[in-house]
Amino acid sequence: MTSINEQPIPAARPVIGEDEIEAAVRVLRSGRVVQGPEVAAFEEGFSRLVDDRHCVAVNSGTSALHLLLLALGIGPGDEVIVPSFSFAASANAVRLVGADVVFADIEPDSFGLDPAAVEAAITPRTAAIMPVHLYGHPAAMDKLMPIADKHRLAVVEDACQAHAAALNGTPVGAFGAGGTFSFYPTKNMHSLEGGMVTTADAELARTLRLLRNQGMEQRYANEIVGANMRMTDVSAAVGRVQLGKVEAWTEQRRANAAYLDAHITAPAVTTPSVAEGARHVYHQYTVRISGDRDAAMAKLTEAGIGNAVYYPTPIHRLKPYWEPDQKAGRTWDLPETERAAAEVVSLPVHPSLTEGDLERIVAAVNSLGGNL
């Protein structure tokens, strides 16, 4: 039970400091508040995280996924292979462009797409593969990219939880036709709200810029049908401040995760795995619980340790996907997805944790023992 002098440790803690506030106020006073110089500067700065790829800022991570699929020409009649163990936005973006979602199972250690399952899911209608770098761990891009090249498929990286993650020295967002990032407040860095698309293709980047701005590069000279998915300069200014801090925060997350790895000993708890060559940035520190997960979470909550399940219901079991599949007589064989959804719990790992916080987390987790 939490002591009267101990405050609960939140599972996540967005950082909004004086630097971020001053940046937002500066932009508001300037009068240039939408798609102005701050957005351009943020795009340029973020490019350095993704091997100097072109960067196109938008108003959310979901918009980033949606616009990238549109820019690649993916739509009705196409299939996109997506993990079911992810946030619904991954699959929603595919549905929003009119394409069909094909779910593939995940690797049990990384929680990313299983390359063998992906290859088995490819059909003549497959247009793209969407790896999700879940929890900040890179997907198996070293195996997925050759599969995509062999079948001439686009790779759309969902890196919304993986700023500055890498595999064998290549940053996520720099593997496929394009990568997407989210700057929601609980992400490893944020812009209050926002997203980014990354690509090595200059023409694709131009198409993305048209799509986010009503199809215009010059005012009232609409070239294509587009939408309003622009990022504000206030968001970009906050994002630029956070961009300057994300590397230090990432190293603190990694250090916090290393401490938890070294000190969690409860037999009922399996700590995260990290693939060889992977730089895990720990958007979430996600363990597996054997036994009664609800009981374990209740004990952690009682001890003042924030915890959450990401994600308790796989996407293929959510109503917008489950009901149409049931009507069509379609089923998915995703045993690792189902097992992960039943076992995972995410613990605090954010850079605001103190040494005392880490000690409390470890003590609470170890008190779970092995019989739940």
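Trainee: Which residues line the second largest cavity?
Mentor: The second largest cavity is lined by D109, S110, F111, Y135, H137, P272, S273, H280, Q284 and T286. This is a predicted model, in which local features need pLDDT of at least 70, side-chain atom pairs count only at pLDDT 80 or more, and totals for chains, interfaces and linings use all residues. Residues are numbered from 1 along each chain as its sequence is written, and side-chain values use heavy atoms, with hydrogens and water left out.

Trainee: What counts as a cavity?
Mentor: On a 1 Å grid over the protein atoms alone, a cavity is a set of points where a 1.4 Å probe fits but cannot get out; a pocket is an open set with protein on both sides within 12 Å along at least five of seven lines, and lining residues have an atom within 4 Å of a point.

Trainee: What volume does the second largest cavity have?
Mentor: About 60 Å³, where a volume is the space filled by probe spheres set on the points, and grid points are joined across faces, edges and corners. Its lining has three nonpolar, six polar and one charged residues. Ala, Val, Leu, Ile, Met, Phe, Trp, Tyr, Cys and Pro count as nonpolar, Asp, Glu, Lys and Arg as charged, and the others, Gly among them, as polar.

Trainee: How many cavities of 30 Å³ or more are there?
Mentor: Two. The largest cavity has a volume of about 150 Å³. Of its 19 lining residues, R13, T186, K187, R253 and H350 lie nearest its centre.

Trainee: Now strands. Why is β2 described as largely enclosed?
Mentor: Because five of the five residues of β2 (residues 79-83) are buried, meaning under 20% relative accessible area, with exposed over 50% and partly exposed in between (1.4 Å probe, protein chains only). E79, I81 and P83 are on one side of β2, V80 and V82 on the other.

Trainee: How many bridges join β2 to β3?
Mentor: Five, and the two strands run parallel; two strands pair if DSSP finds at least two bridges between them. The bridge partner of V82 in β3 is F103. β2 also pairs with β4 (residues 126-129) in the parallel sense, over three bridges, and E79 stands opposite T126 there.

Trainee: What about β9, buried or exposed?
Mentor: Five of the five residues of β9 (residues 195-199) are buried. β9 runs antiparallel to β1 (residues 54-58), with five bridges, and V56 has V197 as its bridge partner. Four bridges join β8 (residues 178-182) to β9, also antiparallel, and F181 stands opposite M196.
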